[in-house]
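This briefing covers helix packing and ligand contacts. Please look over the sequence and structure before reading the points below.

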Amino acid sequence: MKVAVTGGAGYIGAFTVRALLEAGHEVRVLDDLSTGHREALAGLPLRFEQLDLCRDPLEPALDGVQAVVHFAGKALVPESVREPALYYRVNAVGSLRLLEAMHRVGARAIVFSSTCATYGVPDAVPIAEDHPQRPVTAYGSSKLSVEHMLRDVAHAWGFGAVALRYFNAAGAAADGSLGEDHDPETHLIPRILEAARTGTAVQIFGTDLPTRDGTCVRDYIHVDDLARAHRLALERAGDEGLGRFEAFNLGTGRGSTVREVIAAAREATGREIVAQPAPPRPGDPPALVADARRARERLGFEPEHDLDAIVRSAWAWHRSHPAGYASDNGAVGARAKAVGECERGG
Ligand code: UFG
């Protein structure tokens, strides 16, 4: 298929682009490079369009495309609590413009990056897809609003629409070529590894929560597994899924506490890692764990990596890329975004 990947220079996007190319799809990446990295796509046979989904004309970039994998968006829970309008604009308005453009060019299959944050604080874990969606942050609400759009356009326009509700994406490529590079970095595993590398302390947000050791429980899933799930979902959306909206949880079904993740990192790094208790972060539910059965049954998707494999791969990336992708340019310590700022189109 000819596939456009919005946000394809981002963390999960770049892994998915590679998986789609390996499966023989023709890929076009649409990314504004606000948080993505052009370096993550270096040397890949694809067309790259630098554009903003909220502002730029989208039809030329989508011309001839049959399907879209839609990652582009804002995805940080704490930032969304502080800046809700930004989340509605980028996530909801950007997605609406994308759907309208797809309709105009005749692209009818879409796989959307949704999130377990659409469930809010769940009644119980594990969470199945039919659990009520009651988001508690603008991030979750803005993503849920896109799921509603997808449900409606699937019925009205005959789109095949799949929402993938990720739990916690983590890990890096086995060959060391791709990994997590956010600025600022707010995610737990990279922050723990930064503490391991530099000897500084990592904060534990919330130590008195109703979980087995008082710290937040999350379901960490390897980004390579996520990438494979997108390929499977895309093939379903463009085939038997046309005219239908479906949602899938992507998680392993196993939850780990913050303290357990730190223990796994101590094991993987052989370093002590100092942890400091801190107050809970606003908008963080105590426990989020996937009921992962639907993806297994309908997509044939089974995650292959456990927490130890996730942390080991992330540590290998972190050590070789202390400044993220900029490390490959010798810019250790400075997050040079020069490539992103200079290139446009092409
Ligand atoms: N945490 C710490 N210390 C840190 C960073 C995080 O204790 O320095 C805790 C958080 O409070 C949370 C857990 O570690 O309980 C995981 O936090 P992350 O920031 O790594 O991930 P989030 O769960 O907040 O968010 C991520 C993605 C979202 C997605 C969500 C689903 O950023 O897009 O997972 O849980 F929706």
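**Ligand site and helix packing**

The side chain of His187 has an N or O atom 2.8 Å from an oxygen atom of the ligand. The model is predicted.

**Ligand surroundings**
- The ligand is surrounded by 20 residues, the closest being Thr115, Leu188, Gln203, Arg281 and Asp284.
- Asp284 has a side-chain N or O atom 2.6 Å from an oxygen atom of the ligand.
- Phe205 uses its backbone: an N or O atom there lies 2.9 Å from a ligand oxygen atom.

**Helix α6 with helix α8**
- Leu188, Ile189, Ile192, Leu193 and Ala196 of α6 meet Val258, Val261, Ile262, Ala265 and Thr269 of α8.
- This contact has 9 nonpolar residues, 1 polar residue and no charged residues.

**Helix α8 with helix α10**
- The crossing of α8 past α10 is right-handed.
- On α8 the contact residues are Glu260, Val261, Ala264, Ala265, Ala268 and Thr269, and on α10 they are Leu307, Asp308, Val311, Arg312 and Trp315.
- By class, the α8 and α10 contact has 7 nonpolar, 1 polar and 3 charged residues.

Technical notes:
Residues are numbered from 1 along each chain as its sequence is written. This is a predicted model: local features need pLDDT of at least 70, side-chain atom pairs count only at pLDDT 80 or more; totals for chains, interfaces and linings use all residues. Side-chain values use heavy atoms; hydrogens and water are left out. Contact means heavy atoms within 4.5 Å. Helices (H or I, at least four residues) and strands (E, at least two) are DSSP runs, numbered from the N terminus. Ala, Val, Leu, Ile, Met, Phe, Trp, Tyr, Cys and Pro count as nonpolar, Asp, Glu, Lys and Arg as charged, and the others, Gly among them, as polar. A residue is near a molecule or strand if one of its heavy atoms lies within 4 Å of it. A polar contact is a pair of N or O atoms within 3.5 Å; within protein, one must be able to donate a hydrogen and the other to accept it, and residues adjacent in sequence count only if both atoms are side-chain atoms. A crossing is left-handed if the near helix is turned anticlockwise from the far one by less than a right angle, and right-handed if clockwise.
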